[in-house]
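Subject: The two-chain model, handed over

Hi,

Here is the structure I promised to pass on. Have a look at it first, and then read on for what turned up.

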There are 2 protein chains.
Amino acid sequence: MMRSDARDNRARIVAAATDIIEHEGTMASLNEIAKRAGVGPGTLYRHFPTRDALLAEVLVAWVERVEDAADATSIAEKGDLVDWLEQLAGISNAYRGLAASIASVAGDETSPLRSAHQATLDANDRVFDKARAAGLTDAPVDAGTVARLVTGVAMATEQANLTHQQTRTMLEVILEGLLASARP
Amino acid sequence: MMRSDARDNRARIVAAATDIIEHEGTMASLNEIAKRAGVGPGTLYRHFPTRDALLAEVLVAWVERVEDAADATSIAEKGDLVDWLEQLAGISNAYRGLAASIASVAGDETSPLRSAHQATLDANDRVFDKARAAGLTDAPVDAGTVARLVTGVAMATEQANLTHQQTRTMLEVILEGLLASARP
DNA sequence: ACCTGAACACCGTTCAAGT
DNA sequence: ACCTGAACACCGTTCAAGT
């Protein structure tokens with residue numbers, strides 16, 4: 001059982017982090033977050049030994065957005081799938097630096113962001129299940145490949161300040177490729 | 001005419017930067033580069049007011065590699081094009097952080113890295129010209145779209161420590177999509 | 001004209017000292 | 001058990017003072 005002051009501090013750190021990361025991105029200063037939360041930097045480190053551990057907490061709400069989006073999406077034609085990929089890329093760019101943070105999970109099995117990452121893979125799988133049900137494709141599409149491609153698009157979009165149309169064009173190419181290579 | 005001591009210092013800064021960036025990536029400490037070059041930090045800033053200005057100088061040699069690779073590549077079948085994209089992605093990952101630095105050029109018309117970026121776009125165009133000559137595709141493929149996609153792949157590869165095979169799979173999907181959407 | 005290097009305002013991270 | 005906040009070793013960047 002956590003001491004009540006510790007529990008309070010933890011909650012205030014998460015609240016401050018959510019607020020600041022939303023505005024400044026995933027690379028926001030940890031000292032600034034601690035200050036905003038009204039705790040010493042050591043307290044932040046005690047509760048969250050790494051930046052990703054803190055980010056994982058902030059992303060709990062974010063993961064729900066991904067899952068809701070996946071479940072709310074209905075897939076009837078190819079354009080719907082592009083819309084979905086666009087949504088996925090957009091959500092990955094909810095905060096500055098988020099796409100890069102997500103990408104780094106894939107290469108680190110022990111990352112605290114692991115479950116958040118897995119949830120998005122699963123959500124993506126469910127959407128492509130719908131696509132198969134709608135007869136858009138008959139072969140399996142690897143969710144990992146899709147995730148890596150969309151993450152790459154999201155990173156490029158953020159880094160190069162791409163227009164909506166440029167990003168969509170990239171996703172159209174990718175979807176075309178996914179469906180083409182899925183057909184034997 | 002630059003004073004000879006200034007010219008010497010400039011050359012030593014570029015040499016030190018090349019050396020250090022090769023090992024530590026594009027985000028290497030500028031103070032460390034200055035120290036290695038045997039100059040004060042102010043001298044580095046006098047010659048290169050921004051990190052990208054310094055990087056542009058370091059990348060002169062790098063651009064030649066891209067152009068040589070493009071001109072040396074012969075394209076006869078689809079696999080050759082995947083090989084080319086793989087080479088392009090590999091070159092973009094020559095240094096850590098390079099893919100991101102390249103990506104940021106696209107969103108900044110005044111970047112000192114502009115000519116380096118343009119050179120890679122042109123090189124890519126020449127390769128796809130060969131593909132058209134070989135009858136692999138008949139419609140134009142936008143070099144900008146290709147560059148953005150490959151940059152995204154390169155960033156994801158670096159950030160997620162992807163395997164060779166994972167990267168190649170992404171590029172295969174992209175090429176499939178490029179050729180498919182090029183066909184009317 | 002060019003260079004030096006101390007100085008400034010920041011980072012992330014740690015850890016003795018407190019309660 | 002938990003917290004504070006000064007301290008450390010770094011950043012990038014500037015600018016008075018030197019030659």
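Before the rest, some housekeeping. This is a predicted model, so local features need pLDDT of at least 70 and side-chain atom pairs count only at pLDDT 80 or more, while totals for chains, interfaces and linings use all residues. Residues are numbered from 1 along each chain as its sequence is written, chains are lettered from A and ligands numbered from 1 in the order in which they are written, and side-chain values use heavy atoms, with hydrogens and water left out.

**The fold of chain A**

Chain A has nine helices and zero strands; helices (H or I, at least four residues) and strands (E, at least two) are DSSP runs, numbered from the N terminus. The C-alpha trace of chain A spans about 60 × 35 × 25 Å along its principal axes. Of its 184 residues, 51% count as buried. Taking contacts (heavy atoms within 4.5 Å) between residues at least 6 apart in sequence, 65% of those in chain A join residues at least 24 apart.

**Salt bridges**

A salt bridge here is a side-chain nitrogen of Lys or Arg within 4 Å of a carboxyl oxygen of Asp or Glu, and over all chains the structure holds 22 of them. Back to A:Glu57: its side chain meets that of A:Arg10 in a salt bridge, 3.6 Å from N to O. That pair links distant parts of the chain, with A:Glu57 in helix H4 (residues 51–72) and A:Arg10 in helix H1 (residues 4–24) of chain A, 47 residues apart. A:Arg10 is partly exposed too, at a relative accessible area of 25%.

In one, A:Glu176 and A:Lys78 meet at 3.2 Å, N to O; A:Glu176 belongs to helix H9 and A:Lys78 to helix H5, 98 residues apart. A:Glu176 comes out partly exposed at 22%, and A:Lys78 is partly exposed at 38%.

In the other, the closest N and O atoms of A:Asp83 and A:Arg168 are 3.0 Å apart. This pair also runs from helix H5 (A:Asp83) to helix H9 (A:Arg168), 85 residues apart. A:Asp83 counts as partly exposed because its relative accessibility is 34%, whereas A:Arg168 counts as buried because its value is 18%. A network of salt bridges links A:Asp83, A:Glu86, A:Arg168 and A:Glu172.

**A:Ser92**

A:Ser92 sits in helix H5 (residues 78–92) of chain A. Its relative accessibility is 9%, so A:Ser92 counts as buried. What does its side chain reach? The side chain of A:Ser92 reaches the backbone oxygen of A:Leu88 at 2.9 Å. Leaving aside neighbours within four places in sequence, A:Ser92 is in contact with A:Trp62, A:Leu98, A:Ala99, A:Ile102 and A:Ala154.

**Nonpolar cores**

A nonpolar core is a set of buried Ala, Val, Leu, Ile, Met, Phe, Trp, Tyr and Cys residues joined through side-chain atoms within 4.5 Å. The largest has 120 residues, and A:Ile33 and B:Ile33 touch the most other members. Apart from it lies another core, of eight residues, among them A:Ala99, A:Ala103, B:Ala154 and B:Met155.

**Where the chains meet**

At the interface, 24 residues of chain A are in contact with 24 residues of chain B. The two chains bury about 2,000 Å² between them, 78% of it on carbon and sulfur atoms; buried area is the accessible area (1.4 Å probe) that two parts lose on being put together, summed over both. A:Arg148, A:Gln159 and A:Val173 supply 27% of the area that chain A buries against chain B, more than any other three residues.

Cheers

Technical notes. Buried < 20%, exposed > 50% of the residue type's maximum accessible area, 1.4 Å probe, protein only. Polar contact = N/O pair within 3.5 Å; in protein donor to acceptor, adjacent residues only side chain to side chain.
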